[in-house]
Structures are given as structure tokens and as C-alpha cells.
Amino acid sequence: MQLSTKFIELNAKKEAALLAYVCAGDPNIEATPAIVDSLIKGGADIIELGLPFSDPVADGPTIQEASERALAAGMNPDRYFELVASLDVDVPLVCMTYYNLIFQRGLDKFVKDCVNSGISGLIVPDLPAEESEELARSCSTNGVDLIFLIAPVTTDERIKMILEKSSGFVYIVSRLGVTGARSEVTDATAQILSRVKTDIPKAVGFGISNGEQASKVVAAGADGIIVGSAFVDIVASGDNVNKRLEELASDIKSGCKV
């Protein structure tokens with residue numbers, strides 16, 4: 001399923017999307033399908049599957065440690081695409097990874113592997129929009145959305161440039177720093193949402209971990225809520241993982257009513 005189709009569907013129901021991140025292969029490759037199924041059962045509308053990299057510069061300790069566990073369990077690009085292709089889901093899948101892995105595999109090959117495995121979108125946090133032309137061309141040719149990040153410090157001029165290159169949705173970074181759950185949603189979230197003027201869906205990430213926070217962000221104008229570290233913490237605990245993932249997804253999704 002394409003991302004645009006899902007956002008149109010949710011808009012008709014007056015709902016924001018819940019985009020749930022997990023690191024593929026954490027704690028092991030065999031566990032990932034059940035983790036994904038639990039998140040979808042809880043209400044996740046889009047699954048963001050991290051392809052782990054040894055130096056995930058945009059990620060905080062929670063997701064860094066998840067990447068380390070996945071790499072230690074044998075996750076690599078070949079196994080990643082095999083795993084994604086094996087998933088039996090009816091929601092869009094997005095790959096989040098770092099440019100080194102894409103470059104080493106070859107841009108066209110990587111994007112075609114995304115298509116063949118069922119991935120609809122690609123997030124590359126360490127690839128500036130200004131340097132994305134070659135990857136963007138391959139994504140456009142193959143029907144894969146290339147998703148860029150906009151942060152509170154991004155200038156209005158640069159926001160305009162990023163929006164011209166964006167498709168699927170634009171990833172709004174709600175605050176400065178790296179990924180990780182936080183206790184409050186700051187005023188900066190509403191401010192950056194008001195500055196991003198576009199018809200492309202706006203999904204907010206970095207720090208959201210419960211339904212109350214999700215509700216505040218949706219009220220501020222978000223079309224989607226991106227949650228990662230709160231889910232990854234549950235995976236890391238090893239305690240009743242699938243049931244707790246479903247329950248947390250359900251709680252956050254409850255805050256996604258427009």
C-alpha cells in the first residue's frame with residue numbers, strides 16, 4: 001500500500017496516522033514478524049522498520065542499543081529485505097536507515113529491493129535534501145517515497161526546498177536532539193508545524209510515548225504521530241513484549257482522533 005493511500009483513508013475517518021518504529025532483527029530476526037503484527041493489531045497504521053547501522057547518529061541510546069542487538073543477531077541488508085518480504089501485512093512499510101548502507105549496496109539496487117520487498121517509503125536521516133538528487137531520482141522512477149526531516153531550527157527557505165523534494169509525508173522533528181521518549185510535548189512542536197505549509201501529510205516524531213501526548217500533537221496540526229523509543233523500550237525489556245506493544249499502540253492511537 002502506498003503512503004498517500006493510507007493518509008487519504010485516515011483523513012476520511014478524521015484520524016491521524018500512527019507510525020510505529022521498530023528495529024528489524026531486535027532482539028532477533030525471528031521475533032520481528034510477531035512484533036510488527038502486535039503493533040498493527042494495536043492500531044499502527046504505518047510500520048517504520050529500521051535497517052540497523054553501526055553508527056546511527058540521529059538515534060538516542062534506546063535505538064542505538066536496539067541496532068546493536070539486531071546487528072549482533074545477524075541482521076544485514078540481505079536478511080532485512082528477506083524479512084520484510086516475508087511480512088504478511090496490509091499497511092504501508094517504511095525503511096529507516098543510513099546512507100552508507102544504501103551507497104554500499106548501490107542506490108538503484110537498494111530502491112528496487114525496497115519495491116520488491118513491499119516497502120513504500122524511505123527515510124535517510126543523514127542525507128541532506130541538498131545532496132539527495134541521485135537517490136531521489138531512483139525513488140521517483142521506482143515509486144518509492146523519499147521522506148525528509150524538518151527540525152525546529154530549519155530555516156523557512158530550507159523548509160520550502162525540502163517540501164519541493166518530499167513525498168509520502170514530511171517528518172517533523174518536534175525538538176532538538178536525538179530520538180528518545182520524553183515526558184512532555186513542547187511548544188516548539190506547534191511552532192514548527194505552523195511553519196510547515198504544505199498539502200503533504202506532516203508526521204511528528206522524537207519524544208512521543210503515550211496517547212495524551214499524541215492528542216496534543218494532533219491538535220497542533222499533525223497528520224501523523226511517529227513513535228519509536230517507547231516501543232523499542234518494551235522490546236528491550238523482554239517482558240510480555242507483544243501484549244504490551246499492542247496495548248501501548250492502542251493507547252497512542254486513541255490520541256490520534258482529529
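Modeller: The crossing of H6 and H7 is right-handed. The model is a predicted one, in which local features need pLDDT of at least 70, side-chain atom pairs count only at pLDDT 80 or more, and totals for chains, interfaces and linings use all residues. Residues are numbered from 1 along each chain as its sequence is written, and side-chain values use heavy atoms, with hydrogens and water left out.

Biologist: What makes a crossing right-handed?

Modeller: Helix H6 (residues 107-117) and helix H7 (residues 133-142) pack at about 35 degrees, their axes 9 Å apart. Axes are lines fitted to C-alpha atoms over the stretch in contact, and angles run from 0 to 180 degrees between N-to-C directions. Helices are DSSP runs of H or I with at least four residues, strands are runs of E with at least two, and both are numbered from the N terminus.

Biologist: Which residues of H6 and H7 meet?

Modeller: Leu107, Asp108, Val111, Lys112 and Val115 in H6 meet Glu134, Leu135, Ser138, Cys139 and Asn142 in H7, where contact means heavy atoms within 4.5 Å. These residues divide into five nonpolar, two polar and three charged.

Biologist: Why is the aromatic pair of Phe81 and Phe110 called edge-to-face?

Modeller: Rings of Phe, Tyr and Trp (its six-membered ring) pair if their centres lie within 6.5 Å; planes under 30 degrees apart count as stacked, over 60 as edge-to-face and the rest as tilted. Phe81 and Phe110 lie 5.2 Å centre to centre with 75 degrees between the planes, so the pair is edge-to-face. Phe81 belongs to helix H4 (residues 77-86) and Phe110 to helix H6, so the pair ties together parts that are 29 residues apart in sequence. Ring pairs link Tyr80, Phe81 and Phe110 into a cluster.

Biologist: How do you know whether Phe81 is buried or exposed?

Modeller: Buried means under 20% relative accessible area, exposed over 50%, and partly exposed in between (1.4 Å probe, protein chains only). Phe81 has 7% relative accessibility and therefore counts as buried; Phe110, at 0%, is likewise buried. Ser67, in helix H3 (residues 61-72), is buried at 4%.

Definitions and conventions
Left-handed = near helix turned anticlockwise from the far one by under 90°. Nonpolar A, V, L, I, M, F, W, Y, C, P; charged D, E, K, R; others polar.
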